Amino acid sequence: MVQDASDDGLLRDAAIVVTDQMIEWVGPEADLPSGYAGLARQRHDGRLVTPALIDCHTHIVHGGNRAREFEMRLNGASYEEIARAGGGIVSTVTATRGATEAELLESALPRVDALIAQGVGLIEIKSGYGLDTETELKMLRVARALGQKRPIRVVTSFLGAHAVPGGADADNYIDSTCLPALEAAHAEGLVDAVDGFCEGIAFDTAQIARVFDKARALGLPVKLHAEQLSHIGGTALAAKYGALSADHVEYATNSDAAALAEAGTVAVLLPGAFYTIHETQAPPVQAFRDHGVPMAVATDWNPGSSPLGSVLVAMNMACTLFRMTPAEALAGTTRNAARALGLDDCGVIAPGMRADLAIWNVSDPAELSYGIGINPLHSRIFGGVA
């Protein structure tokens with residue numbers, strides 16, 4: 001059984017022909033062209049086959065953890081209060097600056113392994129816990145190394161505009177540190193896209209626009225953490241710059257949805273953060289549907305606001321907390337996740353796509369979103385290799 005992500009349908013008793021790491025043919029086994037009859041076959045006994053899952057928003061390279069902040073939130077402290085008290089992103093910055101590349105790599109590898117074990121074939125990894133040139137580049141080098149150490153594709157996002165370092169002026173930080181760090185990372189070939197955190201506790205739209213202007217000058221696509229905690233215009237800014245994605249978007253409006261649709265920007269929903277920080281306003285899923293905005297789903301795996309290491313649980317959360325359908329959640333971790341990363345060679349099972357596949361011990365795609373803490377993965381194929 002093959003899940004055909006091009007139309008959310010199923011092909012039963014189907015066959016996939018893989019040559020040179022690519023999908024060459026897919027269709028009902030009864031229609032298999034005679035020229036393929038002599039090929040070696042690997043049968044999966046009626047199991048569901050989907051594209052390998054994609055986690056299109058993570059922060060898995062970092063030092064330390066923020067378990068203490070978890071306790072603080074349980075005692076009533078808000079995400080903003082923790083951040084303004086010196087916790088949050090800034091506390092992880094201290095730990096990340098103090099770690100060597102080898103230490104960051106060693107700590108990140110188990111996170112990558114956990115994602116691979118759940119059928120993931122591609123992850124996005126952000127910087128943003130350095131807030132200085134040396135550490136931002138260190139994080140991005142580790143992200144690249146993870147893709148060499150494990151059978152998984154890694155794409156990187158420069159997130160120098162993640163938080164304002166303690167005691168710094170936001171505008172001065174953008175000019176003196178963030179933009180030069182971006183130039184240095186780009187020169188070293190470490191950046192696939194440029195991200196930012198547009199929020200009252202981080203950077204405003206004018207400051208993010210300066211980062212995006214630099215990205216545009218360097219020929220890099222952009223994406224944005226937008227409208228997570230309040231509505232300050234980040235989603236509209238993302239649409240104006242033709243961003244690959246606007247992420248979180250809990251406080252996005254109907255007009256924001258229309259702007260994203262016009263721009264072709266993907267809305268990336270991150271239920272792990274919504275759950276962890278006890279948010280109450282869900283993203284406008286129906287508005288995204290009404291305007292035809294593609295919706296992706298990701299873990300946002302990070303040490304503070306979303307310590308979630310399971311794409312499958314993220315899919316369940318997207319359904320239970322945001323009222324997405326299981327079909328939308330699966331599309332959100334396959335074809336729409338690929339689109340959120342600007343990729344067109346994965347996320348669907350079709351000729352010409354990479355042979356990155358997940359084989360599941362289920363018969364109905366809805367089972368992937370249905371289970372909580374259940375991993376039905378049977379096996380994973382990466383670049384045509386099991």
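A: Let's start with Asp195, which is found in strand β9 (residues 193-198); strands here are DSSP runs of E, at least two residues, and helices are H or I runs of at least four, numbered from the N terminus. Bear in mind that this is a predicted model: local features need pLDDT of at least 70, side-chain atom pairs count only at pLDDT 80 or more, and totals for chains, interfaces and linings use all residues. Residues are numbered from 1 along each chain as its sequence is written, and side-chain values use heavy atoms, with hydrogens and water left out.

Asp195 is buried, with a relative accessible area of 0% (buried is under 20%, exposed over 50%, partly exposed in between, using a 1.4 Å probe and protein chains only). Its side chain reaches the backbone nitrogen of Leu224 at 3.4 Å. Leaving out residues up to four places away in sequence, Asp195 touches Lys126, Ser157, Phe158, Leu159, Lys223, Leu224 and His225, where contact means heavy atoms within 4.5 Å.

Phe158 also turns up in the largest nonpolar core: of its 96 residues, Ile123, Leu146, Phe158, Val194, Phe288 and Trp360 touch the most other members. Such a core is a set of buried Ala, Val, Leu, Ile, Met, Phe, Trp, Tyr and Cys residues joined through side-chain atoms within 4.5 Å. Helix α12 (residues 311-322) gives the most to this core, with nine residues.

As for the cysteines, the structure holds zero disulfides, a disulfide being a pair of cysteine sulfur atoms within 2.5 Å. Cys198 is buried at 1% relative accessible area, but its sulfur is 13 Å from the closest cysteine sulfur, in Cys178, so the two are too far apart for a bond.

Note on methods:
Polar contact = N/O pair within 3.5 Å; in protein donor to acceptor, adjacent residues only side chain to side chain.
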